[in-house]
Amino acid sequence: MLARRCLSRHLHSSSNHIVSRQNNGHFAPDSNLSLLCLNGRLSDALLAMAFLGPEVCFHGYDSLITQCIGLGALREGQRVHAHIIKTLYHPNVYLETRLLIMYVKCGSLRDARMMLDGMPQRSIVSWTAMISGYSQSGLHSEGLDLFLQMLKTGMKPNEYTFATALTSCTGPFGLENGIQIHSLALKSNFDTHIFVGSSLLDMYAKSGKIHEARRIFDMLPERDVVSCTAIISGYAQLGLDDEALDLFRKLFNDGMECNYVTFASLLTALSGLAALNYGRQVHGLVVRREVPFYVVLQNSLIDMYSKCGNVAYSRRIFDSMPERTTISWNAMLVGYSKHGLGHEVVKLFKSMNVVKPDGVTYMAVLTGCSHGGLVDEGLDIFESMLDEKSVKPDIEHYGCVVDLLGRAGRIEKAFNFILDMPFEPTSAIWGSLLSACRLHANVHIGEFVFQKLLDLEPENAGSYVILSNLYANAGRWEDVLKVRQLMKEKTVTKEPGRSWIDLEKTVHTFHSGDRTHPQKEVINAKVMELFVKIKEAGYVPDLSCVLHDVDDEQKERILLGHSEKLAIAFGMMHTSYNGTIRIVKNLRICVDCHNFAKFVSKVCERELSLRDKNRFHLVVGGSCSCGDYW
DNA sequence: GTAGGGTTAG
C-alpha cells in the first residue's frame with residue numbers, strides 16, 4: 001500500500017519535488033521501486049523507473065533485474081537495460097553481470113553475449129553464466145569456445161565453471177575435450193567436488209566410458225541424489241540394464257535419496273529388461289512415496305509398461321496425464337507401433353493437436369504402419385511429411401518407406417525409391433529390402449542387394465542368413481552352399497543371441513546352446529517334448545536358419561538350442577496353464593523360432609508374447625500379430 | 001549473481 005501511494009504521488013506530480021524530498025529523508029530515491037518489485041508488481045516498478053529517470057540507482061536496478069529474471073520477462077529486462085544506458089548510469093561489474101544473467105535466463109543469448117563482449121571487466125560469474133547459457137541451449141561448441149577464450153585471458157575457472165563446461169562435452173569431440181577439462185579440474189583440486197564430480201562422471205558415461213564414470217563415482221567423498229542418478233542412468237543409457245538395476249538395488253539398500261529423475265532412469269533399465277514385475281513394484285513405490293508425477297516420470301511409465309508387454313496400461317497412464325509433451329505422445333505411439341497396432345497408431349497420431357510432432361513421432365507412425373500392415377496409410381503420411389515441411393525427413397524415415405513398399409511386395413518400387421533418395425543408402429536400408437525379397441521370393445533383386453550389403457558390412461551374419469533362407473525357399477540348394485562357403489571366408493562374427501524371461505522377481509537369461517544353466521537337462525527335455533508334439537502337427541525345422549557347415553541332424557540340434565526355444569520351454573514349465581508367456585530376445589527372432597512359437601501356441605493352447613529387437617510378436621492359436629513380416 | 005542427473009527414436 002505504501003509503495004502504491006508513493007507511486008501515485010510520483011505519477012501525479014509534474015516536478016521532481018517529491019522525489020527530492022524523499023531523497024532528503026530515510027529512503028534512497030528508488031527505494032519504492034524495490035518495494036514494488038518485492039511485491040511482485042513489475043509493471044508498476046517500471047512506471048516508477050521511467051518516472052524517476054536518472055534518480056534510479058544500484059538497488060533499484062538490482063531489484064528490477066531480479067524481478068525480470070523471476071518472471072522470465074525479457075522485454076521488461078530490455079527496458080531496464082535501455083534505461084541504464086539512456087540515463088548514463090555507470091553499472092559496476094556486478095550489475096552488468098546481473099543484466100547478462102537476466103538475458104540468459106530470459107532466453108536471449110544474443111543480448112547476453114553482447115553484454116559480455118561489452119564489459120570492460122568480466123568476473124568469473126559473468127563468464128560462467130554465459131557458458132551455462134550456451135550449454136543449456138545445446139550450443140555446446142559455443143560454450144566450449146567461450147570456456148577456452150576465458151582460459152586465455154588468465155581467468156581461473158571455479159567449481160561452477162567446471163560443472164557447466166563439462167556438460168558441453170558431448171558429440172564427436174566430447175570425450176577429448178572432457179578429458180582435458182578433467183585434467184584442469186584435477187590441477188585445481190575440483191575433481192571430487194560433488195557438482196564437478198557428477199558432471200564428470202556423466203560426461204564419461206555419455207561417451208561410453210562407463211568404467212571411468214564408475215571410478216569417479218566411487219571416489220566421490222559424498223553422494224547425493226544427482227550423482228547416484230547420473231551413474232544409474234549412465235548404465236541404463238548404454239543398455240547395461242542389469243548393471244543399472246544392480247547398482248540401484250545396492251544404493252537403495254544403502255539409503256540413497258531418490259526423486260522422480262532417479263525413478264525415470266531406473267524405469268528405462270526395467271523397460272530394457274522387460275521386467276514387468278519389478279516395474280510394477282517401482283510404480284507402486286512411486287505412488288506410496290508420493291513422488292510427484294512429473295511428465296518425465298509418466299513418460300517413463302508409459303514406456304516401461306508398453307515395453308513389458310502391457311500397452312493397455314500405458315494408455316491408461318497416457319489418458320490420466322494432465323499435461324503431455326511430444327515425448328509422451330511418442331512413447332505411446334512407439335508402444336502401439338511395437339505391438340503392431342497400426343490402426344491405433346494412426347488414430348492417435350491424427351488426434352495430436354496441441355503438441356507438435358517431431359522426427360521421432362514420424363518414425364513411430366511410419367514403423368507402426370509398416371508393422372501393422374497399413375501400407376497406403378503409411379505412404380500417405382510420408383507424403384504429408386514432405387508437403388508440410390514442418391519436420392524434415394531423415395534417412396530413417398526413408399528407410400520406413402522402403403519397409404512399407406517391401407512389405408507390400410512392391411520390391412522394384414522400393415528398389416527405385418532407394419536409388420532416388422537424397423541420402424546414400426545404409427546397410428539398414430538394404431537389409432530391409434533384402435528381408436522383403438525373402439518374403440516375396442524375389443531372388444533377382446535379392447542377390448543384387450546382398451552384394452551391396454557385402455560391400456557395406458561383410459561381417460554381418462544377418463544378411464547371409466536371409467540370403468540363405470531366400471535360396472532355400474527357391475529350392476536353390478547349391479547357392480545355399482555357396483553362401484555358406486562365402487561366410488566361412490569372411491569370418492563372420494555376430495552379437496551372441498540371448499533370450500530372457502521375467503518370472504516373479506528374477507530375470508532368467510538363456511544363451512544359444514546354453515550349457516551352463518543349472519536346469520539345462522530339464523529344459524532340453526522340455527524343448528524335445530514340445531518338438532515332438534509340434535512335429536506331429538506339421539512343424540518342419542527350417543534348416544536354412546543354421547549358418548554352420550554341418551549335417552542336417554546337427555543343424556536340427558543347433559536349432560533346438562536357440563535361446564528363444566529354451567526360454568519358451570522354461571516359461572512353459574514355470575507359469576500357470578493360462579498365462580501369457582513373455583519372452584525377450586536381444587536380436588531379431590529367427591524364422592525357425594518364430595515358426596516354433598506359432599506351433600507351440602496352437603498345439604499347447606498357450607499365448608506367447610515375444611519381444612525381439614524391433615517389435616512384439618503376440619503369438620496366439622498358430623498365428624502371429626506381425627503377420628509373418630518383421 | 002554463475003553449477004551437476006531425466007523421459008520417446010536410433
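Biologist: What is the relative accessible area of Phe58?

Modeller: Keep in mind that this is a predicted model. Buried would need under 20% and exposed over 50%, and Phe58 falls in between, so it is partly exposed. The value for Phe58 is 23%.

Biologist: Which kind of aromatic pair do Phe58 and Tyr94 form?

Modeller: The model has 20 aromatic pairs by the ring-centre rule. For Phe58 and Tyr94 the centres are 5.6 Å apart and the planes make an angle of 45°. Stacked takes under 30 degrees and edge-to-face over 60, so at 45° the pair of Phe58 and Tyr94 is tilted.

Biologist: How many residues apart are Phe58 and Tyr94?

Modeller: This pair links distant parts of the chain. Phe58 belongs to helix H5 (residues 58–71), and Tyr94 to helix H7 (residues 93–105).

Biologist: Is Tyr94 buried, exposed or partly exposed?

Modeller: Tyr94 has a relative accessible area of 40%. Exposed would take over 50% and buried under 20%, so Tyr94 ends up partly exposed.

Biologist: Which kind of pair do the rings of Phe531 and Tyr539 make?

Modeller: Their centres are 6.1 Å apart, and the planes meet at 85°. Over 60 degrees counts as edge-to-face. Phe531 and Tyr539 are both buried, and because of that 85° angle their pair is edge-to-face.

Biologist: Which residues do ring pairs link into a cluster?

Modeller: Here the ring pairs join up into a group. The members are Phe382, Tyr398, Phe417 and Phe423.

Biologist: What is the distance from the charged end of Arg324 to the ring centre of Phe318?

Modeller: There are charges sitting over rings here too. Lys565 lies over the face of Phe596, 5.5 Å from the ring centre. Arg324 does this with Phe318, and the distance from its charged end to the ring centre is 4.3 Å.

Biologist: How many disulfides are there?

Modeller: Take Cys593, which is in no disulfide. The nearest cysteine sulfur, that of Cys590, is 3.7 Å away, and a disulfide needs the sulfurs within 2.5 Å. Cys593 is buried, at 1% relative accessibility. For the model, the disulfide count is 0.

Biologist: Which are the edge strands of the open sheet?

Modeller: The sheet has 6 strands, with mixed pairing, in the order S2-S1-S3-S4-S5-S6. An edge strand pairs on one side only. That makes the edges strand S2 (506–511) and strand S6 (623–624).

Biologist: What is the bridge partner of Ile501 in S3?

Modeller: Strand S1 (residues 498–503) and strand S3 (residues 581–585) run antiparallel, joined by 3 bridges. Across in S3, Ile501 is partnered by Ile583.

Biologist: What lies 2.5 Å from a base oxygen of DNA strand B?

Modeller: DNA strand B is surrounded by 47 residues, and Thr97, Ser198, Tyr260, Asn299 and Asn330 are the closest. At 2.5 Å from a base oxygen is a polar side-chain atom of Asn330.

Biologist: Which element gives the most to the surface near DNA strand B?

Modeller: The elements that give two or more residues include helix H9 (124–136), helix H15 (225–237) and helix H21 (326–338). With 7 residues, the one that gives the most is H15.

Biologist: How far apart in space are Gln554 and Tyr61?

Modeller: Gln554 is in helix H32 (residues 552–560), where it is partly exposed at 30% relative accessibility. In sequence, Gln554 and Tyr61 are 493 residues apart. C-alpha to C-alpha, the distance in space is 84 Å.

Biologist: What is the phi of Glu290?

Modeller: Glu290 lies in the loop between helix H18 (276–288) and H19, and is exposed at 68% relative accessibility. Its phi is positive, in a residue other than glycine, and is near 55°.

Biologist: Where is Ala441 found?

Modeller: Ala441 has a positive phi of about 50°, although it is not a glycine. At 57% relative accessibility Ala441 is exposed. Its place is the loop between helix H27 (427–439) and helix H28 (443–456).

Methods:
Residues numbered from 1 in each chain as written. Chains lettered and ligands numbered in written order. Predicted model: local features only at pLDDT ≥ 70, side-chain atom pairs only at ≥ 80, totals over all residues. Heavy atoms only, no water. Phe/Tyr/Trp six-rings, centres within 6.5 Å; stacked < 30°, edge-to-face > 60°. Helix = DSSP H or I, 4+ residues; strand = E, 2+ residues; numbered from the N terminus. Buried < 20%, exposed > 50% of the residue type's maximum accessible area, 1.4 Å probe, protein only. Lys NZ or Arg CZ within 6 Å of the ring centre and 35° of its normal. Pairing = 2+ DSSP bridges. Near = heavy atom within 4 Å. Polar contact = N/O pair within 3.5 Å; in protein donor to acceptor, adjacent residues only side chain to side chain.
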